[in-house]
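Visitor: Could you walk me through this model, please?
Guide: Gladly, let's look at it together.

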Amino acid sequence: MVIAIDLGSNTFRVALIKKEQNGFSNKQIYEKIVGAARGLNESGKIGLEAKNRLFEAIVESKSKFDFTKFKCAAVATEAFRVASNSEEIFSEIREKFGINFHIINGQAEAKLTFLGVQNALRKLGINDKFSLIDIGGASSEIGEDGKFISFKFGIITFYERFKALDLMQENAKIYAKEAREFLTSLNNRLIVLTSGVPTTIAALKFGLNYESYDPKKVSGYELKNDDLAWFINELLKMDDKSADVAVGRSRKYPLIAGTLLLKELLRGQEAKFIVIDDGLREGVGAAYLKGIFQEIITKF
């Protein structure tokens, strides 16, 4: 078994991954919103509040997982690729917590995410060729096995750039244009949606809130185009306090931003859309247990 960590531009996700006869599975999971990309557009740095939330999340995860018994494979993504103080933060983490983070590029992120999603699909009995959409906090990875592009838009950075709903609606089409054209060129009949936006839409459809979220219920949900407009309307009807309970603290408007981007990406796509909770975190664990983790993060 291995402890796999995905430090994204918004969420810190940890899992204890075990190899089984039919693939890989999570034996234990933990995640927390740390908002690493908040304020990144303006400062070019990971902010002090985000750093403190990250350190708190690491302390919590260390209390839940046995880091002395299991090896740890940890990756960080777009916010840390561009922030000027990433190395300083990770140096402090190594000294304080003994965790060595690898800042991976978009291609490695996409490949590892693909492995995590592919494993989850197989457990659901789905072996079809698929395209992947992973809209993160500061970047979005789109593609199919062997052909990925990392696009420089994400739900936090997009929201912080425009803030107002009308501005986000106007600019989503512009931001997603190139990515949508690339997705269309792949011409797959199955598109898998992973990351916080689609999983939260599915959760709300099942009547789950942030605390009662169940990845097993969410994975395999077939998302319809109508779900996107429904989700935005549901969030807009909620006051901020209700939204914090329903979808997580301070996630209301970034989720709306991400849904607008996803809506543009899926517009006109003649495919089936399946939501999968598993992603980069699970891919990191699977790659490590397969012995290909180091190869993937250094190849790209």
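Visitor: Where is K163 found?
Guide: Helices here are DSSP runs (H or I, at least four residues), numbered from the N terminus. This is a predicted model, in which local features need pLDDT of at least 70, side-chain atom pairs count only at pLDDT 80 or more, and totals for chains, interfaces and linings use all residues. Residues are numbered from 1 along each chain as its sequence is written, and side-chain values use heavy atoms, leaving out hydrogens and water. K163 is found in the loop between helix 6 (155-162) and helix 7 (165-186).

Visitor: How many salt bridges does the rule find across the interface of domain 1 and domain 2?
Guide: The domain assignment, an automatic or database one, gives domain 1 (2-103) and domain 2 (120-275). A salt bridge needs a side-chain nitrogen of Lys or Arg within 4 Å of a carboxyl oxygen of Asp or Glu. K152 forms one with E78, their closest N and O atoms being 3.1 Å apart. Across the interface of domain 1 and domain 2, the rule finds three.

Conventions
Helix = DSSP H or I, 4+ residues; strand = E, 2+ residues; numbered from the N terminus.
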